[in-house]
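Dear colleague,

Please find below the sequence and the structure that I am handing over to you. My notes on what was found follow directly after.

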Amino acid sequence: VTTFPRMRAALGALTFVWRLVEFAVDATDQRRRFPDEAARITYIEYELRRLHDRLGASAPRNDRVVRGLGALLLVPGGIYFRGRRLARLISRLLTIGDSERRPKRGLRHGRPPKWPQFLLAVFLPRKNWQAEVGDIVEQYEEKVLPKFGLRAARIWFYKRCFEEIWFVVRWRVVRLVTLVWALEWVRELWTRFANR
Amino acid sequence: MTEDLGQFEQLCLMALMRLGPDANGRELWEEIEKRTEREVPVTQVYVTMDRLEKKGFVRSAMGEATAKRGGKPKKLFSITAPGERTLSARWGEMRAMASGLGLALGART
């Protein structure tokens with residue numbers, strides 16, 4: 001990838017759009033979760049700062065595609081939120097191409113990975129999934145990350161998420177396998193009697 | 001007449017009594033893991049607490065959402081009077097059954 005600047009730029013742009021989609025989904029959820037506007041704005045600011053850190057880490061430097069997309073997507077966003085502080089943050093977001101924060105390699109930020117959280121949201125019981133994901137994220141941030149470091153903490157997070165999902169789906173898997181086996185058995189019996 | 005309690009339900013109620021009112025799911029989960037020295041899925045704790053709530057042994061409320069939890073709210077649990085009564089009855093039965101078996105049980109562990 002490093003030898004193909006255009007491909008790198010395209011990958012950077014894709015990552016950027018993906019982060020924005022993630023953020024947009026989160027922000028829609030926030031409106032429902034924080035009816036109080038001040039609390040919501042504080043939270044959105046926090047998320048934007050996080051997004052800024054991530055983009056600073058993942059976008060290629062001086063990448064016009066990323067900047068252009070950023071301008072295209074974030075300016076309407078800024079107008080929508082209408083906060084001065086938010087506008088400042090968004091203007092900072094647009095300068096990600098010049099970010100000095102980009103580390104050379106390795107894992108780039110301390111937040112828990114998003115996609116296992118998405119899987120948890122899909123598989124866990126509807127009633128408590130938010131509290132459960134919150135508990136795992138809090139444990140990750142407070143105990144696991146400071147104690148074991150980023151790489152081990154992320155492995156812990158993945159392991160924990162898959163254990164939770166396995167706990168929920170294991171009986172369904174067993175039932176499905178049993179059902180398939182039983183159907184296969186009935187089909188075999190049927191063909192045996194039909195051939196007589 | 002007191003309702004039956006499963007083993008994990010008893011563990012959850014005991015952990016809840018230790019932690020006091022308004023204990024959140026994560027504290028419960030940690031307490032059970034620390035004391036039983038085994039890994040317990042968070043989902044198991046929540047599923048059990050839901051069941052106990054349906055039985056009327058526990059009450060729950062949603063807490064605040066913090067940035068540290070990724071904006072996800074806490075769920076707070078407190079044990080109710082029937083919950084305490086039932087746990088104490090079950091514990092009495094266990095003690096009665098185990099009395100005099102100290103040596104035998106000790107020898108096996």
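At what angle do the axes of helix 6 of chain A and helix 7 of chain A cross, and within what distance do they come? The model is a predicted one, and in it the two axes cross at roughly 145 degrees and come within 8 Å. The crossing in which helix 6 of chain A passes helix 7 of chain A is right-handed.

The residues at this contact can be listed for each helix. Helix 6 of chain A contributes I136(A), V137(A), Q139(A), Y140(A), V144(A), L145(A) and F148(A). They meet residues of helix 7 of chain A, including L150(A), W156(A), F157(A), R160(A) and E164(A). Sorted by class, the contact of helix 6 of chain A with helix 7 of chain A holds eleven nonpolar, three charged and one polar residue.

Next, I turn to the aromatic rings. Over all chains, the structure has four aromatic pairs. One of them joins W115(A) and Y158(A), with a tilted arrangement, 5.5 Å from centre to centre and 45 degrees between the planes. This pair links distant parts of the chain, since W115(A) lies in helix 5 (residues 115–123) of chain A and Y158(A) in helix 7 (residues 150–194) of chain A, 43 residues apart. W115(A) is partly exposed because its relative accessible area is 47%, and Y158(A) also counts as partly exposed, at 24% relative accessibility.

Another aromatic pair is formed by Y140(A) and F157(A), which is edge-to-face, with 5.4 Å between the centres and 75 degrees between the planes. Here the link runs from helix 6 (residues 129–148) of chain A, which holds Y140(A), to helix 7 of chain A, which holds F157(A), 17 residues apart. Y140(A) and F157(A) are both buried. Ring pairs also link W115(A), Y158(A) and F162(A) into a cluster.

Finally, a few points on chain B. Helix 3 (residues 42–55) of chain B has 14 residues and spans 20 Å from its first C-alpha to its last, close to the 20 Å expected at 1.5 Å a residue. Its buried residues include V42(B), V45(B), Y46(B), M49(B) and L52(B). Which elements cover the buried residues of helix 3 of chain B? Among them are helix 6 and helix 7 of chain A, together with helix 1, helix 2, strand 2 and strand 3 of chain B. Just after helix 3 of chain B, G56(B) has a positive phi of about 90 degrees.

Yours sincerely

Methods: Residues numbered from 1 in each chain as written. Chains lettered and ligands numbered in written order. Predicted model: local features only at pLDDT ≥ 70, side-chain atom pairs only at ≥ 80, totals over all residues. Heavy atoms only, no water. Phe/Tyr/Trp six-rings, centres within 6.5 Å; stacked < 30°, edge-to-face > 60°. Helix = DSSP H or I, 4+ residues; strand = E, 2+ residues; numbered from the N terminus. Buried < 20%, exposed > 50% of the residue type's maximum accessible area, 1.4 Å probe, protein only. Axes fitted to C-alpha atoms, helices over the stretch in contact; angles between N-to-C directions. Left-handed = near helix turned anticlockwise from the far one by under 90°. Contact = heavy atoms within 4.5 Å. Nonpolar A, V, L, I, M, F, W, Y, C, P; charged D, E, K, R; others polar. Expected span 1.5 Å × (residues − 1).
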